[in-house]
Amino acid sequence: MKNLLEKLFPINRSLTGDGNRETLRQIQEIIPLEIKEIPSGKEVYDWKIPPEWTIRDAWIKNSSGEKIIDFKKSNLHVVQYSEAVHQTIKFENLKKNLHFLENLPNAIPYRTTYYQKKWGFCLTFNDFQNFFEENEKYEVFIDSDFNENGSLSYGELLISGEKKEEILISTYICHPSLANDNLSGIVLTTFLAKWLLSKKNYYSYRIIFVPETIGTIAYLHENQKKMQKINFGCVVTTVGGQGKFGFKKSFDENHFINFLAEKSLENFDKKYISYPFDIFGSDERQYSSVGFRINTISITKDKYYEYPFYHTSLDNLDFVKAENIEKTLDVYKKWISLVEMNRIYKNKIAFGEVMLSKHDLYPKNGGAFLPESHLTELDLIQWILFYSDGKTDLVEISKKIDAKLEDLFFVAEKLKGKNVLMEI
Amino acid sequence: MKNLLEKLFPINRSLTGDGNRETLRQIQEIIPLEIKEIPSGKEVYDWKIPPEWTIRDAWIKNSSGEKIIDFKKSNLHVVQYSEAVHQTIKFENLKKNLHFLENLPNAIPYRTTYYQKKWGFCLTFNDFQNFFEENEKYEVFIDSDFNENGSLSYGELLISGEKKEEILISTYICHPSLANDNLSGIVLTTFLAKWLLSKKNYYSYRIIFVPETIGTIAYLHENQKKMQKINFGCVVTTVGGQGKFGFKKSFDENHFINFLAEKSLENFDKKYISYPFDIFGSDERQYSSVGFRINTISITKDKYYEYPFYHTSLDNLDFVKAENIEKTLDVYKKWISLVEMNRIYKNKIAFGEVMLSKHDLYPKNGGAFLPESHLTELDLIQWILFYSDGKTDLVEISKKIDAKLEDLFFVAEKLKGKNVLMEI
Amino acid sequence: MKNLLEKLFPINRSLTGDGNRETLRQIQEIIPLEIKEIPSGKEVYDWKIPPEWTIRDAWIKNSSGEKIIDFKKSNLHVVQYSEAVHQTIKFENLKKNLHFLENLPNAIPYRTTYYQKKWGFCLTFNDFQNFFEENEKYEVFIDSDFNENGSLSYGELLISGEKKEEILISTYICHPSLANDNLSGIVLTTFLAKWLLSKKNYYSYRIIFVPETIGTIAYLHENQKKMQKINFGCVVTTVGGQGKFGFKKSFDENHFINFLAEKSLENFDKKYISYPFDIFGSDERQYSSVGFRINTISITKDKYYEYPFYHTSLDNLDFVKAENIEKTLDVYKKWISLVEMNRIYKNKIAFGEVMLSKHDLYPKNGGAFLPESHLTELDLIQWILFYSDGKTDLVEISKKIDAKLEDLFFVAEKLKGKNVLMEI
């Protein structure tokens, strides 16, 4: 994980371009991702795939010919999708193309201009004060181009499970050297996929690495029909900070995935921050839209918008560590484990009680409480048999009798094994 | 308004009769009301239109021949629907036909005997004490008759709007010289209709001036089929007192018209009195009945039953002023404005997000909060697009995100203007 | 009642056998019960009717030949369904077949071994200490047998009412000399049936006396189709203790039978104990099962599991008195009376108000409050007419306007009598 973090961090990712392809190729060394391309200019719903942007070099030189800003030192120095420029201009004219943060004088901000043809440089406020002077002239150079015959790249992996119904796991790849937003999401998703590949799964899992917003919209456009098989999902973003866990709910706050996300988090840290659903955010904007209405959650560690280094060069590998990502990965794994347990059963002996002894179901120590529970195995057996009408899922039962989903699932599978219960 | 109040106040209105016709004719000078007649004797559901009652004169003379009670001085002096009488009788026999209020010694009470053949006089308790003596004889005279070939009169005005669905505005005209109950309602309704005629409306408005209970039942009987086009409505009554605003809810307390009535009142005075739905009251008794189930609200100013002068001669033009009616009229206008804004839209770009810049929808000052709101225009745009599934109305959205209906409507219409939203 | 209690107490009842038949025959002297038999060996859902068990005698003699334990003194002395035995054995080997309660040293516990071939004796802890010694030998004798050609007996009585829909009243007869659990239930049910036979009923009543669990399952198996006519019911158990009333809810806690049981209890004693639905308990386990889902309540006096003498010889006629059972019987009668009043009506004059005077419905003292109520008869008339849409039952109306069901029923029947309301 640390290895992948360090290899991917320097790559200059964007909406399109070779940086994205290189990122996906690195991931392919860990999981069998398919890399796909959608051509520039293609109309996708209300949007159009932009031309592919390539940048080779960029700098600003002062009148002494010294490079005072150099793209090769940080890919954040250039506003993404800047057009090419090479000219010598006065400070007064250059100034409006320079972006910095007075509040964070050591940080280079992250800026984009996807839909307006412009150019610009980002720099620290300290550099702005040290290297620039009124009335001076500067040579600016950006060697970039836009390819109308290019394409937008994304990665996709479908892991088939016992059921054809799918869980969507989506993360975005369009940010350059920003560690928490969202290199951390890329790394977590890669290792979550690796874990899913290593075991038998109940659901199928559709895992996508895609540029945020336009990329996701393009993906949905290309795969609209397949989306009907998606039950629900998650958007993996900003999962590697040093701060608290966060949990953003899906649009239907009563959906059981929210309940199970809370249970998963409580398992690790009861002090996580809970965020209501908000139409502002990441790709849940797309998945939640009227035409799709796919519930997706996000479990975060230093959520986007909320940490001070957000969208600056300080969101780097000093701030984000593999061990932090690992912690959030554990929460996601727990969530998936619980989600897989939430099944619906039907009592096959619907009329009257089941004769437990006949089916060898009478628990040896029927009276003993299950660990961390006020209920015994016998309690669970009887309640599961009572509620299993083919419509009530285990999460509902767990709420009604205040039982742990894990315990209910264990007992239900035992009953199924004895042919007393069938799964729906 | 003051003019109309003063012209209509002296007229002797009742269930039937020329006083009602004269009242409707005066209203016709302001709005193009149609006057309609339902013949006496006609069966209307469980009821029958009574004969038309005419009264020309009535008085009581003492033994000296002095008129001590005179109908010409106040039409409240005679119990409505009194039969004719002319005789000289002893005080002991007269007494049971005299009605007064010991608690309000200056007030003449208002009494009716629609369904029992009787006669009677109403007078102040002071007059009763000053002018009558035990063992004396009095000459009583009532010149009235019942016309089996008469009719019950009502006024109706349909103001067509963009939609064929109708809002009902109903007020009652059967009370003689009582200012708040319900001359105030007649005057407000007239000027509310005038206002509706002066502008383009979304809904159509069916405005009726009708005698309470039997008149309304008769109206419903004659127009049963048309009633299916009524969405909801209001019963305008007792709107001109000097006391507090009141609000009586419709039978379905969750209907959005109740929510919007509260919003309307809060706009003017947060200290209004809230009344739950009650099957006792005015013509909501009829509109709410099993066969119709039309939700109607009432916004009042000194609600019937509640003010001390209710149904007495003190409910006069000293108590009721045009400027009070004007205040309640403003609340009704606000309510109608809000009701017209509660529409349902469907996002035409249902799949994924709308590209705001493409439709010139990105607000210039997207980050600025709307007046008296914690939300920006951009917030409203995104939430409306998210919720507009063709089923969710703006009031529901306003509750979900705590936004003002006016702001939502303004933004939704803008989105509709840009062809991004369609109205359902 | 006292008489029946005393006659039935000594009888040795069990899952099967002549004790049960004798019990049912005694009940037949009071109500026209039908006694039915289901043959041993028959498969009933997940269960099989066991062979019929007969016991004639049983004792333990000490080495001096003295009977120290004698079945003839208490039928609790033998573990029910013990197999025959006759041998002289050492205390060490006998000990594991002796059951007593150290906590209740005067009490003989009640034990069964329906599904495992074993034998055993139950005795007081005092007797165990006084009569048994280490290293001694004892002669044990049980004269019992199992008849594979026997049967399981139950009693049934259907009391037809105005409606074919049935209320189930179920009690269990499988316990030997235990007074509260459940001789009290047998006695109460007998006299409840007698009361129902003495009057005209709205619903039909299906009353069953049946061995718990396997008997009930067998009954349901034999009568599965008939069960579709059951609306709801009650399981009569432990109704004669000296302690508090208890109320166990049916599985659908919002079912009106629960609300009415609470009203019934409040009528007698506001301090009853409320128990939520629990899948552990008596025959509601069977009635509530997925295939039947029949709501049943239990009103108890010293509920099973809860009183210290439960399932011991101290649950005898010193603890249970006829006058206690009478008290619980009164609650059940009240409950049935209320249940019969919860009807649905439809206003026949659905459009507009009913003209009360025309139907002679205007209450003489319309303004007087009904006893223990904040409502007048006129209030009830108008609210019933308003709500009676053919779907809303009187319990719902009673909750909406906080009226007593009895008052609503009285007024509704009056309205029905005047042909203004029809029953659905």
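This is a predicted model: local features need pLDDT of at least 70, side-chain atom pairs count only at pLDDT 80 or more; totals for chains, interfaces and linings use all residues.
Residues are numbered from 1 along each chain as its sequence is written, chains are lettered from A and ligands numbered from 1 in the order in which they are written, and side-chain values use heavy atoms, with hydrogens and water left out.

Let's start with chain A. Its C-alpha atoms fill a box of roughly 95 × 40 × 35 Å along the principal axes. Chain A holds 12 helices and 19 strands (DSSP runs, H or I of at least four residues for helices and E of at least two for strands, numbered from the N terminus). Of its 424 residues, 61% are buried, meaning under 20% relative accessible area with a 1.4 Å probe, protein chains only.

Now turn to chain B, where an open sheet of 3 antiparallel strands runs in the order S18-S17-S19; two strands pair if DSSP finds at least two bridges between them. Strands S18 (389-393) and S19 (421-423) of chain B are the edges, each pairing on one side only. Neighbouring strands of this sheet are turned by 35° on average, direction ignored, with axes fitted to C-alpha atoms.

Strand S17 (residues 344-347) of chain B pairs with S19(B) over 3 bridges, and B:Asn347 has B:Leu421 as its bridge partner. Finally, helix H11 (residues 394-401) of chain B lies across S17 and S18 of chain B, at about 70° to S18(B); helix axes are fitted over the stretch in contact, and angles run from 0 to 180 degrees between N-to-C directions, with contact meaning heavy atoms within 4.5 Å.

Conventions. Buried means under 20% relative accessible area, exposed over 50%, partly exposed in between (1.4 Å probe, protein chains only).
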